[in-house]
Protein chains: 2
Amino acid sequence: MTDNNAPIGVFDSGVGGLTVFREIMRQLPNERIVYFGDTARVPYGSKSPETVTRYSEQIVNFLKTLNVKAIVVACNTASALAMEEIENKYDIPMIEVVKPGAKAAAEATQNNRIGVIATEATIKSNIYCRYIKNLNNEISVTGKACPLFVPLVEEGLLNDPVTIDIAGRYLNDLIKIDIDTLILGCTHYPLLHETITRIMGGKVALINPAYETARKLKDLLTDLNLLTENKTLKDASHSHRLYVSDSAEKFKIFANTIINYRNLTTKTINIEEY
Amino acid sequence: MTDNNAPIGVFDSGVGGLTVFREIMRQLPNERIVYFGDTARVPYGSKSPETVTRYSEQIVNFLKTLNVKAIVVACNTASALAMEEIENKYDIPMIEVVKPGAKAAAEATQNNRIGVIATEATIKSNIYCRYIKNLNNEISVTGKACPLFVPLVEEGLLNDPVTIDIAGRYLNDLIKIDIDTLILGCTHYPLLHETITRIMGGKVALINPAYETARKLKDLLTDLNLLTENKTLKDASHSHRLYVSDSAEKFKIFANTIINYRNLTTKTINIEEY
């Protein structure tokens, strides 16, 4: 018997998945969340499917020790490379970010031309294209890896001329083919919303899979009758737990730019042991 | 009894340490080298001393299974954060890159003002400053972390306007204080030699610790009577072995830009098992 009041497990390669964590907090304010950021092995986006799958399995093993009732793979790269394997291996309800993002984009496009920006590994997997084609084979999907976006975001250069220059190069091909919808296929990219809008122009819809993922999570927990029974808890933030595989101190600094860190604690664990 | 014909172990967080590997091949052409690049957990430069030390220990454990006669820590971050601990723990001759780089810089400076550029973790450790001060307390040492240099190099943007812009920002403080010697304290940075020279001007001596490290290794092996006896082997390149913790295919592509990859093979191992 799964405990309705058990927490939801959310994981990412690092801090970026907190944009998904934030969205879940907003849409499911009574739920407790356990977040894991693999900061000792970040980034995933330049690594191989085998490695990302092994890491994801270790993280699921760890989250299971905390008796989570469901798991959200908040990392696009792990969703793209590892989801199929871990979904088959474990008997716990799981949600990832690629399918919800693909669905939202397919619904948003008017001219059937969608662009996807993501890490090298996610683009190489071609997974957004496959999901979108499954929904509507008439849509054309063009992917573009943007490997410098994550380091630029982590340097805080969100609206810097250098970031605008680099974004211009990455996005140029997508502008040329007249896409009307762009998936931000990496959890760091919503932080570049302003710069990307500036380059793409206001007419291109930017899809942040986090919103759709949290909505799908809510549906899943409702269907499985797994929503928390704790209705008195107006603010569950005291009960959230954050875990990382490297130094908690450094994580907190960046985490604070995404979520209100007040009342939260972060603990370091050795993920290789799982 | 150590076997004189045993290989030398060289390791780095990824591919950058091949600049040290290349220098050892040049200065010790008869020696066999085993190289390990921790591509599944790269980069080290943004991670904590505890994590980098644990990773370094696993790598030394792995290299010992290959019966190496000496180990070269070719990664500045591992040298800065882990060397003291692993040197004490193992009874194998070890050399790192920070001390040789510090010595070369202290010898090169005329005006006693040295700059160091490196990863965030290396700069934070303040280790170059401490070593140089030990050699000559009158030298002033100023460090500057350059976290975007590694991703820019790995994107191949060696002489790009964006790299020149970013380098200008990083190096501006060092130009202002009139340094005459600059340590390239990360194995990727020698690949930015041209851009850095352009910004610093031709009068600033750029120190690449790789050269000095290989020289020190030669001295150490000579002192310990551990140089290979194999004098007939004019080209040991057939006997070098490369290992990585993530996909070998991707590693080879970048490796080829640093060394002549002909005749070399790369194997993937699971470093977490050591």
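**Entry 1: a salt bridge in chain B**

I started with Lys64(B), which forms a salt bridge with Asp91(B), the closest N and O atoms being 3.6 Å apart. My cut-off for a salt bridge is a side-chain nitrogen of Lys or Arg within 4 Å of a carboxyl oxygen of Asp or Glu. Lys64(B) sits in helix 2 of chain B and Asp91(B) in the loop between helix 3 (76–89) and strand 4 (94–96), so the pair ties together parts that are 27 residues apart in sequence. Helices (H or I, at least four residues) and strands (E, at least two) are DSSP runs, numbered from the N terminus.

Next I looked up accessibility, where buried means under 20% relative accessible area, exposed over 50%, and partly exposed in between (1.4 Å probe, protein chains only). Lys64(B) is partly exposed because its relative accessibility is 34%. Asp91(B), at 70%, counts as exposed.

**Entry 2: what I am looking at**

I note that this is a predicted model, where local features need pLDDT of at least 70 and side-chain atom pairs count only at pLDDT 80 or more, while totals for chains, interfaces and linings use all residues. Residues are numbered from 1 along each chain as its sequence is written, chains are lettered from A and ligands numbered from 1 in the order in which they are written, and side-chain values use heavy atoms, with hydrogens and water left out.

I checked confidence too: pLDDT is the predictor's confidence in each residue, from 0 to 100. Chain A has a mean pLDDT of 94, and 97% of its residues reach 70 or more. For the complex, the predictor gives an ipTM of 0.91 and a pTM of 0.94.

I searched the whole structure and got 26 salt bridges over all chains. One of them joins Glu31(A) to Lys69(A), with the closest N and O atoms 2.7 Å apart. Glu31(A) is in the loop between helix 1 (18–27) and strand 2 (33–37) of chain A, and Lys69(A) is in the loop between helix 2 (49–65) and strand 3 (70–73), so this pair ties together parts that are 38 residues apart in sequence. Are these two residues, Glu31(A) and Lys69(A), buried or exposed? Both are buried.

Glu107(B) counts as exposed at 54% relative accessibility, and Lys103(B) as partly exposed at 37%.

**Entry 3: between the chains**

I turned to the interface, where 31 residues of chain B are in contact with 31 residues of chain A; contact means heavy atoms within 4.5 Å. The area buried between them is about 2,400 Å², and carbon and sulfur atoms give 46% of it. Buried area here is the accessible area (1.4 Å probe) that two parts lose on being put together, summed over both.

How many salt bridges are there between chain B and chain A? I get 6. In one of the bridges between the chains, Glu272(B) pairs with Arg41(A), the closest N and O atoms being 2.6 Å apart. Asp38(A), Arg41(A) and Glu272(B) are linked in a network of salt bridges.

Which helices of chain B each supply at least two residues of the side that touches chain A? I find helix 2 (49–65), helix 7 (149–154) and helix 8 (161–176). Helix 8 gives the most, with 5 residues. The residues on that side of chain B divide into 12 nonpolar, 8 polar and 11 charged. For these classes, Ala, Val, Leu, Ile, Met, Phe, Trp, Tyr, Cys and Pro count as nonpolar, Asp, Glu, Lys and Arg as charged, and the others, Gly among them, as polar.

I looked up the cis peptide bond that joins Val42(A) and Pro43(A), with omega about -5°. Pro43(A) is in the loop between strand 2 and helix 2 of chain A. In chain B, the peptide bond from Val42(B) to Pro43(B) is cis, with omega near -5°.

Phi of Asn67(A) is near 55°, a positive value in a residue other than glycine. Asn67(A) is in the loop between helix 2 and strand 3 of chain A, and is exposed, with a relative accessible area of 57%.

**Entry 4: Asn112(B)**

Asn112(B) is partly exposed, at 23% relative accessible area. Not counting residues up to four places away in sequence, Asn112(B) touches Asn136(B), Glu138(B), Ile139(B) and Ser140(B).
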